Amino acid sequence: MSRLAAVYLFAAATGASAEGYGFRTPTGNIYCNGSMEASEIRCSIVERSGSPAMPDTGTCSAFWGHHVQLDRTGPARVVCGEAPRKSSYTDVAPYGVSAAFAEINCRSEKTSLQCTNREGHGFLLSRKEQRVW
């Protein structure tokens with residue numbers, strides 16, 4: 001399958017609309033929600049090991065290290081959030097496929113999900129490693 005066709009399939013699988021979108025990786029361990037209009041994405045990882053991508057700010061009274069957000073500009077950041085759980089989204093981002101959501105590009109791999117904005121900031125989520133830049 002050509003890269004262009006694969007990108008189309010990923011974009012179609014997300015159910016992207018003017019209002020928003022949501023998708024999960026095939027295992028359901030990583031899931032994302034975003035807004036095309038605001039050009040932002042928030043992804044969560046359920047099972048992870050190691051230290052969070054950023055130290056706890058001390059202000060999170062819920063779950064720290066499982067949720068990241070990336071906007072159209074600026075660096076990605078770890079955000080406080082609810083208890084992560086496996087996603088039941090029917091829209092799946094197949095491994096080996098990339099897609100653009102407004103000004104954010106994401107790539108689903110068997111080993112990780114990586115998203116970047118047009119400034120080159122982004123994040124990587126996998127069971128073994130989580131990074132933001």
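Two strands pair if DSSP finds at least two bridges between them. Strands are DSSP runs of E with at least two residues, numbered from the N terminus. The model here is predicted, so local features need pLDDT of at least 70 and side-chain atom pairs count only at pLDDT 80 or more, while totals for chains, interfaces and linings use all residues. Residues are numbered from 1 along each chain as its sequence is written, and side-chain values use heavy atoms, with hydrogens and water left out.

**Exercise 1.** Find the strand 3 bridge partner of Ser35, then describe how strand 2 and strand 3 pair.

*Solution.* 
- Step 1: Look along strand 3, where Ser35 has Glu40 as its bridge partner.
- Step 2: Strand 3 covers residues 40-45 and pairs with strand 2 in the antiparallel sense, over 6 bridges.
- Step 3: Now visit the turn: 4 residues lie between the two strands of this hairpin, and Ser39 there has a positive phi of about 50°.

**Exercise 2.** Which residue of strand 2 is the bridge partner of Tyr21?

*Solution.* 
- Step 1: Within strand 2, Gly34 is the partner of Tyr21.
- Step 2: This hairpin has 5 residues between its strands, and Gly28 in the turn shows a positive phi of about 80°.
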